[in-house]
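User: I would like to learn how to read a few features of a model, one at a time. Could you give me the general idea each time and then the case at hand?

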Amino acid sequence: MTELPRPAPAHGRRRKHILPGFGLTLGFSIFYLTGLILLPLLALALRTVTPTADYPTVGAVVGHVWQTVTAARAVATYQLSFGLSFAAALIDGFFGLIAAWALTRYQFPGRKIADALVDLPFAMPTSVAGLALTQMFAPNGGWLGRYVPAAYTAWGILIALVFVGFPFVVRTLQPVMAGLRIEAEEAAACLGANRWQIFRRVLLPALRPAMITGAMLAFGRAVGEYGSVVFISGGNMPYRTEITPHLIIIRLEEFDYAGAAGLGLVMLLVSFAIVVTVNLVQHFTAPRGRTA
């Protein structure tokens with residue numbers, strides 16, 4: 001039996017991809033990342049060291065920026081913005097998991113309406129959301145304000161941040177839940193596992209990456225939120241309900257562009273550090289494949 005000759009390898013020829021358009025898509029991705037993300041961030045950083053008429057030297061403008069970003073009022077806004085955003089992300093992660101589970105696993109009257117309402121914070125302007133929440137939780141005349149007077153307090157800001165970040169968690173978890181095979185849960189139940197053990201050992205490991213991703217998206221949305229917070233916070237009172245984005249707006253209205261850029265750079269660096277930390281924790285705690 002004769003063996004068919006094998007085709008000689010094509011030396012020096014570039015390997016072709018199954019799907020065409022690699023060069024075009026890679027070029028567009030680099031253009032997008034560079035032109036719409038990296039360059040604006042670089043411009044923000046350069047603005048904090050660019051001399052102005054009021055601060056004619058690099059040392060003078062850097063000193064002014066440092067004084068602005070380390071002032072007691074600015075530090076208070078950092079604590080409020082990042083603290084409430086982190087708390088809102090945790091709340092969204094918990095209740096978003098429950099909502100995604102109910103919408104994915106169960107059939108009930110009004111399910112499609114409830115699923116559509118999840119996207120309402122995406123479609124609703126943030127200023128409208130702020131007005132609606134203020135009308136609900138205002139201490140004088142609000143529907144729930146007489147019982148829960150959350151408007152014009154930090155609790156009201158937390159409610160607004162939970163509202164705008166909730167869809168990110170639900171929409172991130174739903175596709176993952178839809179792809180889970182129920183056979184694994186049935187096998188665990190046949191082996192004697194109770195419901196809590198099935199959730200903790202079978203479902204949670206598969207849902208954890210999506211939960212973390214959705215919570216981080218909600219956190220990023222909450223950190224930069226302004227429209228809804230500016231109404232329910234009662235004017236962003238310094239040291240009480242003032243968030244960092246509102247302080248940036250104040251610096252811009254005062255034509256202090258270097259100070260505003262410095263505050264924005266601080267928010268950018270802190271947010272980036274939190275995202276990197278969460279990704280590292282997720283990477284090192286992810287289950288590894290076992291080799292035989």
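User: Is Tyr239 buried or exposed?

Analyst: Buried means under 20% relative accessible area, exposed over 50%, and partly exposed in between, with a 1.4 Å probe and protein chains only. Tyr239 has 57% relative accessibility and therefore counts as exposed. Its place is in the loop between α10 (229-232) and α11 (244-253), where helices (H or I, at least four residues) and strands (E, at least two) are DSSP runs, numbered from the N terminus. The phi of Tyr239 is near 65°, a positive value in a residue other than glycine.

User: What should I keep in mind about the origin of these values?

Analyst: This is a predicted model, in which local features need pLDDT of at least 70 and side-chain atom pairs count only at pLDDT 80 or more, while totals for chains, interfaces and linings use all residues. Residues are numbered from 1 along each chain as its sequence is written, and side-chain values use heavy atoms, with hydrogens and water left out.

User: Where is Phe255, and what is its phi?

Analyst: Phe255 sits in the loop between α11 and α12 (257-285), and its phi is positive, about 60°, although Phe255 is not a glycine. With a relative accessible area of 64%, Phe255 is exposed.

User: How many aromatic pairs are there, and how is such a pair described?

Analyst: A pair of aromatic rings is described by the distance of the centres and the angle of the planes. Rings of Phe, Tyr and Trp (its six-membered ring) pair if their centres lie within 6.5 Å; planes under 30 degrees apart count as stacked, over 60 as edge-to-face and the rest as tilted. By this rule the count comes to five aromatic pairs. One of them joins Phe82 and Phe219, whose centres are 6.5 Å apart with the planes at 35°, so this pair is tilted. It links distant parts of the chain, as Phe82 lies in helix α3 (residues 72-105) and Phe219 in helix α9 (residues 195-223), 137 residues apart. Phe82 is buried at a relative accessible area of 12%, and Phe219 is buried at 3%.

User: Which angle lies between the planes of Phe122 and Phe168?

Analyst: The planes of Phe122 and Phe168 stand at 85°, with 5.0 Å centre to centre, and the pair is edge-to-face. Phe122 belongs to helix α5 (residues 120-123) and Phe168 to helix α7, 46 residues apart, so that this pair, too, links distant parts of the chain. Phe122 is partly exposed, with a relative accessible area of 41%.
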